[in-house]
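Please look over the structure shown here.

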Amino acid sequence: MKKKKIIITSCVLLIVLGGIIYFMGNNKVKDLPVTEGVEVVPTMDDKISRDTSWCSTFQLVWNDMKREIVEQDVVFSPQIKMVENLNKESFTEDMLSDEYYFKIYGFKNLELKEKIEKGIKEKFNQTSDILDDFDWSNEALDNPNSSDIRRYFFYTMLYREFEYKSKFSILDNAKFGEYEDVKYFGVNKNSKEKVREQIEVLFYNSKNDFAVKIKTKNNDEVIFYKNPEGETFREIYDNMMKKTNEYEGSISFSENDFFMAPILSFNVKREYKELENKEFGTADGNIAMIEKAIQSIKFSLDETGGKVKSEAGVDSWKTTSMAGEEKTRYFNVNDTFALFLKEEKRDVPYLALRVDDIRKYQNN
């Protein structure tokens, strides 16, 4: 009898412990395998090709670095287009609610590193994927007694979880462009009205030229734009909005309409080597340099909602002394598309993605 009680007690403890572990783990972006072949660009104004992603985090750390230690546009010799685009500061922190991001900068020391780790843990229950990619040895830290240079570190994390108002259905695997057996979620003839009501049509010119917006419980909007037009995410987004403003058809998603979109997950990291180890001048006549610049983006999307986690860090230094009839419409996102994440009532998205080779996003 005593042995039976011990077994029962142990089982209860294991169940409780399992629940705690699940709850803690469920608050984090799951460990995704590294995704090959998906590029990362620092701004919405950089030219893109196939399978490219963008998130606002790198622009935010650049803005802080530019303001705090450069106090003017960063100018390389020769100048590069990426830096010109970053200098525009086309995304600023006032374009995003405070709850979306954690941002900090200061002299590079272990106290700052500890503040970052504590800050993202308290705000998002997250750990960093990029901090240990930087050099935190004594030789690489700021020395307040140095008469030559001061070391700085700039950091931003964006973290967001969003849930659809109603869960979509898992659909049968189907083709995406030339690729077979792709996983999809969406609606069909059997979907309930509340599932359809969370979809808003931005425009529908044909089954290969449309955009739809999905509303969430969290004031985030997920936008799909099939066969996007433009060489940058800025051009793609502007073209999409132009078509939206010109559209005179129904924006309601009716019982005759279908919707399908692929399940997505990717994990990418980029070190901006083209920005590193190049001297540039500051407004006070000193010299500055970026020693390392890294950005990471993790994103997942399925029938329930999605999660995004992006980090950016810049390790830099600065010298201290120197001078009609309703027809059936098919909203099937089954070929090249762009995806944008946007906070409701904001004009600019905080994440963008172009998908061509769907296999890269379903590799797990």
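The report below starts with the basis of the values and then takes each topic in turn.

## Basis

This is a predicted model, in which local features need pLDDT of at least 70, side-chain atom pairs count only at pLDDT 80 or more, and totals for chains, interfaces and linings use all residues. Residues are numbered from 1 along each chain as its sequence is written, and side-chain values use heavy atoms, with hydrogens and water left out.

## Aromatic pairs

The structure holds 29 aromatic pairs. Rings of Phe, Tyr and Trp (its six-membered ring) pair if their centres lie within 6.5 Å; planes under 30 degrees apart count as stacked, over 60 as edge-to-face and the rest as tilted. F224 and F337 are a tilted pair, because their ring centres are 5.7 Å apart and their planes meet at 50°. F253 and F331 are also paired and tilted, at 5.5 Å centre to centre and 45° between the planes.

Buried means under 20% relative accessible area, exposed over 50%, and partly exposed in between (1.4 Å probe, protein chains only). F224 is buried at 0% relative accessibility. F337 is buried at 0% relative accessibility. F253 is buried at 7%, and F331 at 0%. Ring pairs also link a cluster: Y164, F168, F176, F185, F224, F259 and F337.

## Charges over rings

A charge sits over a ring if NZ of Lys or CZ of Arg is within 6 Å of the ring centre and within 35 degrees of the ring normal. K123 places its charged end over the ring of Y101, 5.8 Å from the centre.

## Nonpolar cores

A nonpolar core is a set of buried Ala, Val, Leu, Ile, Met, Phe, Trp, Tyr and Cys residues joined through side-chain atoms within 4.5 Å. The largest has 90 residues. Those with the most contacts inside it are F58, F224, F259, L275, L301, L339 and F340. Helix α2 (residues 57-70) gives this core its largest share, seven residues.

What does L301 touch, leaving aside its neighbours within four places in sequence? Its contacts (heavy atoms within 4.5 Å) are F162, Y164, F185, V222, F224, I263, L264, G306 and L339. A second, separate core has 16 residues, including F134, F153, M157 and I294.

## Helix α2

Helices (H or I, at least four residues) and strands (E, at least two) are DSSP runs, numbered from the N terminus. α2 has 14 residues and reaches 19 Å from its first C-alpha to its last. That is close to the 20 Å expected at 1.5 Å a residue, where the expected span is 1.5 Å times one less than the number of residues.

Twelve of the 14 residues of α2 are buried, so the helix is largely enclosed by the rest of the structure. Among them are F58, W62, D64 and K66. E71 follows α2 and has a positive phi, near 60°.

Two strands pair if DSSP finds at least two bridges between them. Strand β7 (residues 199-206) and β8 run antiparallel, joined by six bridges. They form a hairpin with two residues between them. Y204 has F210 in β8 as its bridge partner.

β8 also pairs with strand β9 (residues 220-226), antiparallel, over five bridges. K215 stands opposite E221 in β9. The hairpin of β8 and β9 has four residues between the strands, and N219 takes a positive phi near 70° there. Six of the seven residues of β8 (residues 209-215) are buried, so this strand is largely enclosed by the rest of the structure.
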